[in-house]
Amino acid sequence: MKLLLDTHIILWARLDPARLDVGVGAALEDPNNELWFSPVSVWEMLLLAQRGRIEVKGDEYKWAERMVGDIREAVLNRHVAAQSRRIEL
């Protein structure tokens, strides 16, 4: 299954895994799942760091790159944004 991770899930998984629901943690560890992030998550992480809501030591941009690490980057364009509204939650 392909999982598009929300910014807080990425941060919790990297910085404080105990905050994750057991099912979420299991889904993240399942090798059958593909983990994806939106480029907007990098923007959100940098904004949190710049506003002091997350403490970052060193270069914020390198830190954000480490947070997304080996997670696949989803392409975000107007077509993807429009199609995302068709997903039933």
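Which residue in β3 is the bridge partner of F37? Select F37 and look across to β3: the partner is E73. Keep in mind as you go that this is a predicted model.

Now show the strands. β2 and β3 (residues 72–73) run parallel, joined by two bridges. β1 also runs parallel to β2, and here four bridges join them. Pick L4 and you'll find W36 of β2 standing opposite.

Nonpolar side chains tend to be buried together in soluble globular proteins. The largest nonpolar core here has 20 residues, and L5, I10, M45 and W63 have the most contacts inside it.

Zoom in on W63. Beyond its neighbours within four places in sequence, W63 is in contact with L11, L15, M45, A49, I54 and V56.

Finally, select α4. Its buried residues are W63, A64, M67 and V68. Look down the helix axis: these residues fall within an arc of 135°, so they line one face of α4. Among the elements covering them are α1, β2 and α3. On the other side of α4, K62 and E65 are exposed.

D59 caps the N-terminal end of α4, with a side-chain oxygen 2.9 Å from the backbone nitrogen of Y61. Just after α4, G69 has a positive phi of about 40°.

Note on methods. Residues are numbered from 1 along each chain as its sequence is written. This is a predicted model: local features need pLDDT of at least 70, side-chain atom pairs count only at pLDDT 80 or more; totals for chains, interfaces and linings use all residues. Side-chain values use heavy atoms; hydrogens and water are left out. A nonpolar core is a set of buried Ala, Val, Leu, Ile, Met, Phe, Trp, Tyr and Cys residues joined through side-chain atoms within 4.5 Å. Buried means under 20% relative accessible area, exposed over 50%, partly exposed in between (1.4 Å probe, protein chains only). Contact means heavy atoms within 4.5 Å. Two strands pair if DSSP finds at least two bridges between them. The arc is that of the directions from the helix axis to the C-beta atoms. A polar contact is a pair of N or O atoms within 3.5 Å; within protein, one must be able to donate a hydrogen and the other to accept it, and residues adjacent in sequence count only if both atoms are side-chain atoms.
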